Amino acid sequence: LKPGLTSKQDVHDQEELYYVVAGKGRITLGGQAFTMEKGMIAYIPPNCTHQTKNIGEDELVLFWMFGTPPSGSLLPTEDKWAVREEARP
């Protein structure tokens, strides 16, 4: 995720785990924001709305996995991790 970009808001029926490989970001879980930095892990419970923003100067690189297989195909059929730029003050 490039600096200043935000992922679209997402929710799944299974738990998810993010590991921060590089960069600095903010993850919002169910309306509560947390800062993430290299080496940190974020646990996302099932059915928890979440969104990630890169708040650093470098790319935010995440490794993520699901606790149980997602429903439907195990291979993505479309890019569902679209990003958007926010207006800067």
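W64 is partly exposed in this predicted model, with a relative accessible area of 38%, whereas Y18 is buried, with a relative accessible area of 3%. A search of the whole structure finds 1 aromatic pair, and Y18 and W64 form this pair in a tilted arrangement, with 6.3 Å from centre to centre and 55 degrees between the planes. Because Y18 belongs to strand β2 (residues 16-22) and W64 to strand β7 (residues 61-66), the pair ties together parts that are 46 residues apart in sequence.

**The sheet around β2**

- An open sheet is formed by 3 strands in the order β5-β2-β7, and the pairing is antiparallel.
- Since β5 and β7 stand at the edges, each with a single partner strand, one side of each is left without a neighbour in the sheet.
- From one strand to the next in this sheet, the twist averages 20 degrees.
- The pairing of β2 with β7 is antiparallel and extends over 6 bridges; within it, A22 has V61 of β7 as its bridge partner, and Y19 stands opposite F63 in β7.
- On the β5 side, β2 is joined to β5 by 4 bridges, again with the strands running antiparallel, and E16 stands opposite I44 in β5.

**The nonpolar core**

- The largest nonpolar core has 12 residues, namely L1, L5, Y18, V20, I27, L29, M36, A42, I44, C48, L60 and L62.
- Two or more residues of this core are given by each of the elements β2, β3 (24-29) and β5 (41-44).
- Y18, the buried member of the aromatic pair, is also one of the residues in this core.
- A42 touches E16, L17, Y18, I27 and M36, when residues up to four places away in sequence are not counted; of these contacts, Y18, I27 and M36 are listed with A42 in the core.

**Strand β3 and its two partners**

- A hairpin is formed by β3 and β4 with 2 residues between them, and G30 in the turn has a positive phi of about 55 degrees.
- β3 is also joined to strand β6 (residues 50-54), here by 5 bridges and likewise with the strands running antiparallel; in this pairing R26 stands opposite K53 in β6.

- T28 has its place in strand β3 and is partly exposed, with a relative accessible area of 26%.

Technical notes:
Residues numbered from 1 in each chain as written. Predicted model: local features only at pLDDT ≥ 70, side-chain atom pairs only at ≥ 80, totals over all residues. Heavy atoms only, no water. Phe/Tyr/Trp six-rings, centres within 6.5 Å; stacked < 30°, edge-to-face > 60°. Buried < 20%, exposed > 50% of the residue type's maximum accessible area, 1.4 Å probe, protein only. Core = buried A, V, L, I, M, F, W, Y, C linked by side-chain atoms within 4.5 Å. Contact = heavy atoms within 4.5 Å. Pairing = 2+ DSSP bridges. Axes fitted to C-alpha atoms, helices over the stretch in contact; angles between N-to-C directions.
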